[in-house]
Amino acid sequence: MRIDVVSIFPSYFDGLALSLLGRARAAGLLDLHVHDLRDWTSDRHRTVDDTPYGGGAGMVMKPEPWGLALDELAGTTPAAAGRPTIVFPSPAGEVFTQATARELSAREHLIFGCGRYEGIDERVFEDAAGLGEVRLISLGDYVLNGGEVATMAMIEAIGRLVPGVVGNPDSLVEESHEDGLLEYPSYTKPALWRDRAVPDVLLSGNHGAIAGWRREQQLERTRLRRPDLLPTDDADEG
Ligand code: SAM
């Protein structure tokens, strides 16, 4: 998978050289390129923002550098991959979920456009639709200062679903949100720590009982912490 990121703070993404994603990049599973939006400006001050039409607080990102950046990066999509998916993180977008991550992990080429200030001139989104599939995606119902942290979170969630990135694929299947429930609690050695014992069933060696206990825990946790995730019948129970 190829991923291009456009930002006025490219060094935010230095962390993607670490850990699992860093190894995936070294192994050629993720081909990540981070670009400075200012490289597509032509004035002496490398200006990327201007005052909003209609007045109001803050500045808006100018369309010209974005247009040039996206034209160029969309041109790098391998011919066999069709059109790129262009993601603009936005608090006004669809909410990012595990299902979104799974859907986007199947794409050949993702381009992320990180907004700053009051956001990007609206015409950029319209224009980008001529280059690829445009998605405005929110990390949640709160406002960040810029799209960088949201993009990092999305790349991590998407990247770990790309085949080969996480060594043991079973560990992906059992995680929170994969089956619509939160994950069961996990324990490791020692069996007794600060007078707190690991639940007996996990030491029993009875795989059926362990699977049953884990399922109950998943349902109970989800009911307590995230009842909105349960089908209505389950949420109403008990
Ligand atoms: N004025 C915008 C609004 O009210 O919708 C908020 C702009 S925010 C200060 C600047 C940038 O941060 C946005 O363009 C977007 O890229 C990013 N951003 C902020 N909150 C976000 C969220 N919840 N999810 C994804 N991106 C977010």
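Tutor: Helices (H or I, at least four residues) and strands (E, at least two) are DSSP runs, numbered from the N terminus. The model is predicted, so local features need a pLDDT of at least 70 and side-chain atom pairs count only at pLDDT 80 or more, while totals for chains, interfaces and linings use all residues. Residues are numbered from 1 along each chain as its sequence is written, and side-chain values use heavy atoms, with hydrogens and water left out.

Let us begin with the ligand. There are 18 residues around the ligand, and those that come nearest are Pro89, Glu118, Leu139, Tyr142 and Leu144; a residue is near when one of its heavy atoms lies within 4 Å. By class, this shell consists of nine nonpolar, eight polar and one charged residues. Two elements give two or more residues to the shell, namely strand E5 (85-95) and strand E7 (133-138). Of the elements, E5 gives the most, with three residues.

A polar backbone atom of Pro89 is 2.9 Å from an oxygen atom of the ligand. For Leu144, a backbone N or O atom lies 2.9 Å from a nitrogen atom of the ligand, and for Gly146 a backbone N or O atom lies 3.4 Å from a ligand oxygen atom. On its own, the ligand has 580 Å² of accessible area, and the protein covers 81% of that area (Shrake-Rupley method, 1.4 Å probe).

The side chain of His109 makes a polar contact of 2.7 Å with the side chain of Asp4, and another of 2.6 Å with the side chain of Thr77. Such a contact is a pair of N or O atoms within 3.5 Å; within protein, one must be able to donate a hydrogen and the other to accept it, and residues adjacent in sequence count only if both atoms are side-chain atoms.

Other residues are exposed. Glu216 is found in helix H7 (residues 207-225), and Glu216 is exposed because its relative accessible area is 54%. Gly56 and Pro185 are 129 residues apart in sequence, and their C-alpha atoms are 48 Å apart in space.

Finally, the backbone geometry deserves attention. Most residues other than glycine have a negative phi, and most peptide bonds are trans. The peptide bond from Lys189 to Pro190, however, is cis, with omega near 5 degrees, and Pro190 is in the loop between helix H6 (170-173) and strand E8 (192-193). Ser19 has a positive phi, near 55 degrees, and belongs to helix H1 (residues 19-26). Asp195, with a phi near 65 degrees, also has a positive value. The place of Asp195 is in the loop between E8 and strand E9 (196-197), and at 73% relative accessibility Asp195 counts as exposed.

Key. Nonpolar A, V, L, I, M, F, W, Y, C, P; charged D, E, K, R; others polar. Buried < 20%, exposed > 50% of the residue type's maximum accessible area, 1.4 Å probe, protein only.
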